[in-house]
Amino acid sequence: NQIVHGYFTADEETAVQWSRAGDGTLTPAQAVRFRSLMAHEYVEKHLMEAGMPYRSADPEAWVDDFQDFNAQHFGAHDVAPQADDGSLSLWTDLGLTPPTDPIAPDLSNIDNVVEAARRGLHL
């Protein structure tokens with residue numbers, strides 16, 4: 001029953017990925033995962049800047065102090081590409097139409113995802 005303001009806290013796996021990316025030691029599979037994480041964080045950040053909360057504050061979105069995906073009560077974290085595979089797999093459940101082109105391997109068209117989300121969410 002409270003709303004809090006917080007900052008990004010990486011889990012151990014994410015912290016290791018950041019470190020390896022900085023060192024240039026990601027394997028090809030790790031590079032794909034890291035690129036997915038970057039796409040997720042980028043879109044999430046831009047949706048939050050547009051006024052969308054990180055997670056829904058609606059009490060119905062929370063069970064035992066945990067929020068699982070809820071298509072009626074969601075936030076920027078749920079709309080952003082999946083951090084593990086870069087997919088927009090939840091968009092259909094949210095009533096959103098993904099961009100026609102997939103996210104480019106170099107993320108050069110990631111702003112298309114942001115704009116599609118903003119249009120679909122009327123942000």
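## The second largest pocket

The second largest pocket has 13 lining residues, with R55, H77, D78, Q82 and L90 nearest its centre. Its volume is about 200 Å³. The lining splits into 6 nonpolar, 4 polar and 3 charged residues. A pocket here is an open set of points on a 1 Å grid over the protein atoms alone, where a 1.4 Å probe fits, with protein on both sides within 12 Å along at least five of seven lines; lining residues have an atom within 4 Å of a point. Charged means Asp, Glu, Lys and Arg; nonpolar means Ala, Val, Leu, Ile, Met, Phe, Trp, Tyr, Cys and Pro; the others, Gly among them, are polar.

## Basis of the model

This is a predicted model: local features need pLDDT of at least 70, side-chain atom pairs count only at pLDDT 80 or more, and totals for chains, interfaces and linings use all residues. Residues are numbered from 1 along each chain as its sequence is written, and side-chain values use heavy atoms, with hydrogens and water left out.

## Salt bridges

The structure has 3 salt bridges (a side-chain nitrogen of Lys or Arg within 4 Å of a carboxyl oxygen of Asp or Glu). D78 and R55 form one of them, with their closest N and O atoms 3.4 Å apart. This pair links distant parts of the chain: D78 sits in helix α3 (residues 76–79), R55 in the loop between α2 and α3, 23 residues away. Helices are DSSP runs (H or I, at least four residues), numbered from the N terminus. D78 is buried at 5% relative accessible area, while R55 is partly exposed at 23%. Buried means under 20%, exposed over 50%, and partly exposed in between (1.4 Å probe, protein chains only).

E13 and R33 also meet, at 3.4 Å, N to O. They join distant parts of the chain, helix α1 and helix α2, 20 residues apart. E13 is partly exposed at 46%; R33 is buried at 19%. E49 and K45 pair at 2.7 Å, N to O. Both lie in helix α2, 4 residues apart, so about one helical turn separates them. E49 is exposed at 55%, and K45 is partly exposed at 43%.

## Aromatic pair

There is 1 aromatic pair. W18 is in helix α1 (residues 12–23) and F34 in helix α2 (residues 28–49), so the pair ties together parts 16 residues apart in sequence. Pairing requires ring centres within 6.5 Å (Phe, Tyr, or the six-membered ring of Trp); planes over 60 degrees apart are edge-to-face, under 30 stacked, the rest tilted. W18 is partly exposed at 41%, whereas F34 is buried at 14%.

How values were computed:
Helices (H or I, at least four residues) and strands (E, at least two) are DSSP runs, numbered from the N terminus. Grid points are joined across faces, edges and corners, and a volume is the space filled by probe spheres set on the points.
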